[in-house]
Amino acid sequence: MSSMTLLGTGTCEIEHQRRASSVLLDMDGTYALFDCGHGVVQRLLEVGVQHKELDHIVLSHFHPDHVSDIIPFLQAGAYSRRNPRASDIHIYGPMGVRKIIDGLLQVFGPGALQKPAYEIVVHEVTEEQFAIGSYSFDFISLPPAGNHGLRFTWQGKQYAITGDSYFHDAEIDFLRGVDLAVIDSGHIEDNEIAQLAAASQAKTIICSHLYREIDARHVQALAARSGYRGTILVGRDLMSFVL
């Protein structure tokens, strides 16, 4: 069964800590991770996905809360004796991702983050589309901060995931009419979430990247007054949806 699972929503148990908004896609047994911030490697273990099973990581942009767990993830592949990695790791991102990964490999030195049994393959995505195997994805710039969103179609339904983003026309176009969207809700206010919902008419919106408390019923009511006909939910870690 294919699924989308929220591994990090920005919520945390320790006051004042912040974690990334990260989403794991399972597409008929092919795993792809959207963003890899603090706490994500632990969440992968909690959903039963070993590091060696995840071969594709997509980075929306290079803020630390979206990339920091790349280091422990790569180290797990290099050092695990019980579950050694044998397959290549593919890392996708906007221009500059190659410099980031090459820099990490140089900082930690030979063998610390990679072994000869596999390669770390970096893909700088310069167009608005890329592929993972036979699966096609839209990779859309959502300013500011060099951020990108991921959009794809699966079994006739359309899905969208954002990294950091703000309320603007590009975000509305990105989400317009999708069946399920996971959005950054920490950088915009309740009324902007409501306006985004009404303008895009995304059928279900999951509020993630939570730097503050959000009352889903309140935001739902605001959106309904503006003509929104869908559903707004507040995400939580390990929340999962069947694709």
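For burial I took under 20% relative accessible area as buried, over 50% as exposed, and anything in between as partly exposed. I kept in mind that this is a predicted model.

Entry one, salt bridges. I counted 7 of them. I began with Glu46, which pairs with Arg43, the closest N and O atoms being 2.5 Å apart. I found both residues in helix α1 (residues 40-46), 3 residues apart, or about one turn of the helix. Glu46 has a relative accessible area of 39%, so I noted it as partly exposed. Arg43 comes to 12%, so I put it down as buried.

Which other residue does Arg43 bridge to? I found Asp237, with the closest N and O atoms 3.0 Å apart. This pair links distant parts of the chain, 194 residues apart: Arg43 sits in helix α1, and Asp237 in the loop between β13 (231-234) and β14 (240-242). Asp237 is buried at 13% relative accessibility.

Arg176 is partly exposed at 45%, and Asp173 is partly exposed at 47%.

Entry two, Ser2. I located it in the segment before β1 (3-9). Its relative accessible area is 6%, so Ser2 is buried. I saw its side chain reach the backbone nitrogen of Asp28 at 2.9 Å and the backbone oxygen of Asp26 at 3.5 Å. Beyond its neighbours within four places in sequence, Ser2 has contacts including Trp154 and Phe241.

Definitions and conventions. Residues are numbered from 1 along each chain as its sequence is written. This is a predicted model: local features need pLDDT of at least 70, side-chain atom pairs count only at pLDDT 80 or more; totals for chains, interfaces and linings use all residues. Side-chain values use heavy atoms; hydrogens and water are left out. Helices (H or I, at least four residues) and strands (E, at least two) are DSSP runs, numbered from the N terminus. Buried means under 20% relative accessible area, exposed over 50%, partly exposed in between (1.4 Å probe, protein chains only). A polar contact is a pair of N or O atoms within 3.5 Å; within protein, one must be able to donate a hydrogen and the other to accept it, and residues adjacent in sequence count only if both atoms are side-chain atoms. Contact means heavy atoms within 4.5 Å. A salt bridge is a side-chain nitrogen of Lys or Arg within 4 Å of a carboxyl oxygen of Asp or Glu.
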